[in-house]
Amino acid sequence: MNMETNLIEQLNESADGYKKQLEVAKNLGKILPVAQWVTYGTILAAIVCIFSGDSCSISSLVYSMEHAHNKGVLSALFCLVCFLLNYLIPFVNFYIIHAIEVSLSTLKPEYQVSGSMTTFLKWGYIGLGILGIIFEIAEIGDEAALILALFYVAFIIVEVIWARRLSQKWTNLSSWHKKTADLLRNYVYLGLGCFVIAIIAGAISEAAGDFVTYVISGGVDLYLFYLFGTYYKEMANVCAYVKRNPNNTTE
């Protein structure tokens, strides 16, 4: 097993975090494959809506089901189910941040990032998911939309700072710590890029905006969901191995 020879000096003394980290790695092995299939379904549903001329919104799909016949109803129902399941993705992101939070507890303070920022991100994903559902099914005024926009901007700023700091602090840990942190940093940067492009594309046409929001962003989510589980598991294994064999680490 390859690892940094000085990793033992960067870990804290408590054994609870290492056990929990291995437990979280097992849970990720169950959660992330489901997230991948949900994301595939959302991407396919978005493509179906774009080519059929429908909007990628629940209200639009419900309207299509009420006025469509035969294949049109089945198509709209499939897309509706996929977009509803897509609201589970913020909960997956919540658990990913929770996983990092657990890993941070295994490290000495100088290798940790702000606990308040981590908590804000973790619960911010849940908040954005819930608000997305509420605003999807209910009429909202300009003030509510402005509040949501401001919260989302604040969330993105904190997310970028958090991911950048995590990548910097974990650079000199094991190679799997570095890979995990760099993966999250890249995911955040790509997500920010998709957000900006989606705004521009949405101003051109609704279909273009939907393509970026669901298809391109979905691809970015898959990038995270496919790699994070493996990286995190290896990172947890490295920590557990070093903790059990402090004198046997090798380059």
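A: On a 1 Å grid over the protein atoms alone, a pocket is an open set of points with protein on both sides within 12 Å along at least five of seven lines, whereas a cavity is a set of points where a 1.4 Å probe fits but cannot get out; lining residues have an atom within 4 Å of a point. By that definition, 42 residues line the largest pocket, and L128, G132, Y152, T213 and Y214 are the ones nearest its centre. The space in this pocket comes to about 1,600 Å³, where a volume is the space filled by probe spheres set on the grid points, which are joined across faces, edges and corners.

The model is a predicted one: local features need pLDDT of at least 70, side-chain atom pairs count only at pLDDT 80 or more, and totals for chains, interfaces and linings use all residues. Residues are numbered from 1 along each chain as its sequence is written, and side-chain values use heavy atoms, with hydrogens and water left out.

By composition, the lining has 25 nonpolar, 12 polar and 5 charged residues. Here Ala, Val, Leu, Ile, Met, Phe, Trp, Tyr, Cys and Pro count as nonpolar, Asp, Glu, Lys and Arg as charged, and the others, Gly among them, as polar. At least two lining residues come from each of helix 1, helix 4, helix 5, helix 6 (142-169), helix 7 (175-204) and helix 8 (206-244). Helices (H or I, at least four residues) and strands (E, at least two) are DSSP runs, numbered from the N terminus. The chain has 8 helices and 0 strands.

Helix 4, one of the contributors to the lining, covers residues 89-104 and spans 23 Å from first to last C-alpha, close to the expected 22 Å; the expected span is 1.5 Å times one less than the number of residues. Of its 16 residues, 14 are buried, so helix 4 is largely enclosed by the rest of the structure. Buried means under 20% relative accessible area, exposed over 50%, and partly exposed in between (1.4 Å probe, protein chains only). Over the chain of 251 residues, 43% count as buried.

Helix 7 has 30 residues and reaches 43 Å, close to the expected 44 Å. Its buried residues include W176, H177, D182 and Y187.

In helix 5 (residues 115-137) sits L131, which counts as partly exposed because its relative accessibility is 27%. L131 is 17 residues from L148 in sequence and 7.9 Å from it in space, C-alpha to C-alpha.

Helix 1 holds Q36, which is buried because its relative accessible area is 12%. Leaving out residues up to four places away in sequence, Q36 touches L222, F225 and Y226, a contact being heavy atoms within 4.5 Å. Among contacts between residues at least 6 apart in sequence, 81% join residues at least 24 apart.

Confidence is the remaining topic. pLDDT is the predictor's confidence in each residue, from 0 to 100; the chain averages 84, and 84% of the residues score at least 70. Among the helices, the mean is highest in helix 4, at 94, and lowest in helix 2, at 73. Over residues 1-5 pLDDT stays under 50, and the model has 22 contacts beyond four places in sequence for them. Where pLDDT is low, the predicted coordinates should not be read in detail.
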